[in-house]
Amino acid sequence: HGLPNTGKTYAAEQALAGHRFLSIGGGGSGKFDELRVDHEALIIDDDVCPNLLNMSDNKICRAYKRNKNNPAWTGKYLIVTSNLKFDDWVEKCGIHAKNAYGVHTAHYDALLSRFCIGQVLPSTAGYNQLYIQSMSTRGSTEIQQERKLMIADFLQKYNAVIQTYDPAKVNVDYSNIVTDLSYMAPII
């Protein structure tokens, strides 16, 4: 997670160059319709994820519970880029992070064990960088070691990209066609 317009999704997509991935954002009931079994990664950009416990597990799954011609997904990367902190994002996905006593729920703990959580912050050198806050503890020692190598590789590529991210370079300048109408009296 991190502040808006810091290059979180852009850096994730660039770090996954050479991998087949699907980037999801904007919601809608058919947002996973383009998901294929050969997608190695799924990037969820400021959006929720249905069937979250299954989608983030170490096994083949389907994006929707309705199980009606839904493609299986076997990917290794489920990446969420969000302006929300993990607890808040989990809540938006429909899973309560804490019970009435303020204690993390079993579902939240299960999700926490499945995700590597990081935050994009400015580094001491003045550019943005992804800092890892907690690692996934899901699976055997061998699975965790494989995941550690995957995350280290992704992190290195991600931070190389995000430190050069400049929102002005990825946005189009519309100033030559936008008309300033602020001088006009409002119509009532």
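## Basis of the model

The model is predicted: local features need pLDDT of at least 70, side-chain atom pairs count only at pLDDT 80 or more, and totals for chains, interfaces and linings use all residues. Residues are numbered from 1 along each chain as its sequence is written, and side-chain values use heavy atoms, with hydrogens and water left out.

## Overall fold

The protein has 6 helices and 7 strands. Helices (H or I, at least four residues) and strands (E, at least two) are DSSP runs, numbered from the N terminus. Along the sequence the elements run α-β-β-α-β-β-β-α-α-β-β-α-α. Along the principal axes, the C-alpha atoms fill a box of roughly 65 × 45 × 40 Å.

The protein has 188 residues, and 35% of them are buried. Buried means under 20% relative accessible area, exposed over 50%, and partly exposed in between (1.4 Å probe, protein chains only). The protein exposes about 11,600 Å², with 54% supplied by carbon and sulfur atoms. Accessible areas come from the Shrake-Rupley method with a 1.4 Å probe; for residues, only the protein chains shown count as cover. Among contacts (heavy atoms within 4.5 Å) with a separation of 6 or more, 51% join residues 24 or more positions apart.

## Helix α5

Helix α5 has 22 residues. From its first C-alpha to its last it reaches 31 Å, close to the 32 Å expected at 1.5 Å a residue. The expected span is 1.5 Å times one less than the number of residues.

The buried residues of α5 are R147, M150, I151, F154, Y158, N159, V161 and I162. Seen down the helix axis, they fall within an arc of 155°, so they line one face of α5. The arc is that of the directions from the helix axis to the C-beta atoms. These buried residues pack against α1 (8–15), β5 (77–81), β6 and β7 (128–134). On the other side of α5, T141, E142, K148, L149 and Q156 are exposed.

## Aromatic pairs

The structure holds 7 aromatic pairs. Rings of Phe, Tyr and Trp (its six-membered ring) pair if their centres lie within 6.5 Å; planes under 30 degrees apart count as stacked, over 60 as edge-to-face and the rest as tilted. One of the pairs is F86 with F115, tilted, at 5.3 Å centre to centre and 55° between the planes. F86 lies in helix α3 (residues 86–92) and F115 in the loop between α4 (106–112) and β6 (117–122), so the pair ties together parts that are 29 residues apart in sequence. F86 is buried at 12% relative accessibility, and F115 is buried at 7%.

A further tilted pair joins F154 and Y158, with 5.5 Å centre to centre and 40° between the planes. Both residues sit in helix α5 (residues 141–162), 4 residues apart, which means about one helical turn separates them. F154 is buried at 10% relative accessibility, and Y158 is buried with a relative accessible area of 4%. Elsewhere, ring pairs link F86, W89, Y108 and F115 into a cluster.

## Salt bridges

The whole structure contains 8 salt bridges. A salt bridge is a side-chain nitrogen of Lys or Arg within 4 Å of a carboxyl oxygen of Asp or Glu. One of them joins R20 and D38 at 3.4 Å, N to O. R20 lies in the loop between α1 and β1 (21–24) and D38 in the loop between β1 and β2 (41–45); the pair links distant parts of the chain, 18 residues apart. R20 is partly exposed at 43% relative accessibility, and D38 is partly exposed at 29%. D38 also forms a salt bridge with R36, the closest N and O atoms being 2.8 Å apart. R36 is partly exposed at 42% relative accessibility.

In α5, K157 forms a salt bridge with D153. Their closest N and O atoms are 3.1 Å apart. The two residues are 4 residues apart in the helix, so about one helical turn separates them. K157 is partly exposed at 30%, and D153 is partly exposed at 32%. Salt bridges that share partners also join D57, K59, R114 and R138 into one network.
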